[in-house]
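Me: Hi! I'm new to this one and would like a quick tour. Could you show it to me?
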Amino acid sequence: MKVLVLGAGQLARMMSLAGTPLNLKVSAYDVNSDTIVDPVTQQKLGTGLAQAIANADVITSEFEHIPYPVQELCQQSGKFLPNSTAIKAGGDRRQEKQLLDKAGVTNAAYRIVVTEQDFYQAIEQLGLPLVLKSALAGYDGKGQWRLKTQSDAQGVWADIQQFMAGADHTLPQAIVAEQFVRFDREVSLVGARNQAGDMVVYPLTENHHVSGVLAVSLALPGQQELQQQARQMFEAVATALDYVGVLALEFFQVGDQLLVNEIAPRVHNSGHWTQQGADTCQFENHLRAVCGLPLGSTDLVRPTLMVNILGEDHVSPAVLTLPSCHLHWYGKGKRPGRKMGHINLSATSTSELAQRFDLLRPHLPEDEFPELELVAARLK
Ligand code: ATP
Ligand code: MG
Ligand code: MG
């Protein structure tokens, strides 16, 4: 089967690598340059969306910020999985919040803000602190403001107005004002749903961020009750969307309760550990789901952690001498803070993973150090 991925980044690349043994041919449509490329080699294969759609048996996406006209054409072809409603819900926080409410899953209290009056009303009704997020185009913590005290309100509103004036969106812009959640930790659940409505989910993953960007994910055994809670929310959201493919839910954990932060209608960075730590990796399961193949087991086969390599195009080859340590480069040009690759580290037990992590740490980029310290403590 021929699978077309909207977006030609590392997620399309890893889908292609996972699909090859199943004889699935993955090409990628770069929405910025209107070209069709091989997502592994970046070699140009053709031009134009119409040609890309005509050549594909199935169309899917590696990110949620796909221009609506591109989504319309894909949806009309009858080959687009997950559907355009799901992609739009991931790309517009207004639709996302509506979806979460409709699916009945707990999420942070919010108000939609368009005018200055809405802004001050949100402060009054939700209280401080607030997290304000651009409804459109947000990722890696971009397009967000924190409002802690009433005296900062005027300045934050000025920043938001400036942002909204500068945004080059054809869609109406707005802000989602959210109550600040004092969470104990952040976790995510990655799972897959097929066309018959069968669902499988991976074990909950604990996530650590540096400056709003994911730095480390941990997949450890246990946490049965939370897993059950997360699974129910996953099923509610995936069913509400008639979703097909891999879907990720990000959560805040407060005590023993989970609140959904946001969803990602695609394979997700916090699921990269599945390449070495799960029976079937998320990339293969996504392809299986959209291609109508049976879903694979999501069992954790061994405790695994993933470290993102941010802004560096080199790590010492010595990491490859560590037991169960695997390096995945994306072949992208170096830019400060950019996701360039990741490392998966596995072990037979959490304590052995702690030992191996101590061996890995000296080789890791320094700007992730505060989080690495936390992760080391967490494993002990
Ligand atoms: P991603 O790269 O995960 O798509 P994003 O730009 O879509 O990121 P969010 O996940 O919404 O942004 O927020 C980024 C981070 O900011 C969260 O992981 C969390 O640490 C913090 N955050 C977001 N919303 C809240 C909130 N309501 N209360 C407290 N912290 C929050
Ligand atoms: Mg996001
Ligand atoms: Mg997020």
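Reply: Let's start with two strands: β7 and β8 run antiparallel and are joined by four bridges. Strands here are DSSP runs of E with at least two residues, helices are runs of H or I with at least four, and both are numbered from the N terminus. This is a predicted model, where local features need pLDDT of at least 70 and side-chain atom pairs count only at pLDDT 80 or more, while totals for chains, interfaces and linings use all residues. Residues are numbered from 1 along each chain as its sequence is written, and chains are lettered from A and ligands numbered from 1 in the order in which they are written.

Me: Thanks! What stands opposite Val131 in β8?
Reply: That is Arg146.

Me: And which strands form the open sheet?
Reply: Four strands, in the order β6-β9-β7-β8, with antiparallel pairing; two strands pair if DSSP finds at least two bridges between them. At the edges are β6 (110-113) and β8 (144-147), each pairing on one side only. On average, neighbouring strands of this sheet are turned by 20 degrees against each other, direction ignored.

Me: Which strands does α6 touch?
Reply: Helix α6 (residues 116-126) packs on the sheet and touches β6, β7 and β9 (175-179). Its direction makes about 170 degrees with that of β6. Angles run from 0 to 180 degrees between N-to-C directions, and axes are lines fitted to C-alpha atoms, for helices over the stretch in contact. Contact is counted when C-beta atoms, placed from the backbone, lie within 7 Å.

Me: What about α7?
Reply: Helix α7 (residues 153-166) also packs on the sheet, touching β7, β8 and β9, and its direction makes about 170 degrees with that of β8.

Me: New topic: which residues come nearest to ligand 1?
Reply: Of the 17 residues around ligand 1, the nearest are Val131, Gly138, Asp140, Glu178 and Val181. A residue counts as near if its C-beta atom, placed from the backbone, lies within 6 Å of the molecule or strand. The elements giving two or more residues to this shell are β7 (130-134) and β15 (257-264).

Me: Which domains does the shell draw on?
Reply: It draws at least three residues from each of domain 2 (109-179) and domain 3 (185-379). Domain bounds come from an automatic or database domain assignment, which also gives domain 1 (2-80).

Me: How far apart are the C-alpha centres of domain 2 and domain 3?
Reply: They lie 29 Å apart.

Terms used:
Contact = placed C-beta atoms within 7 Å.
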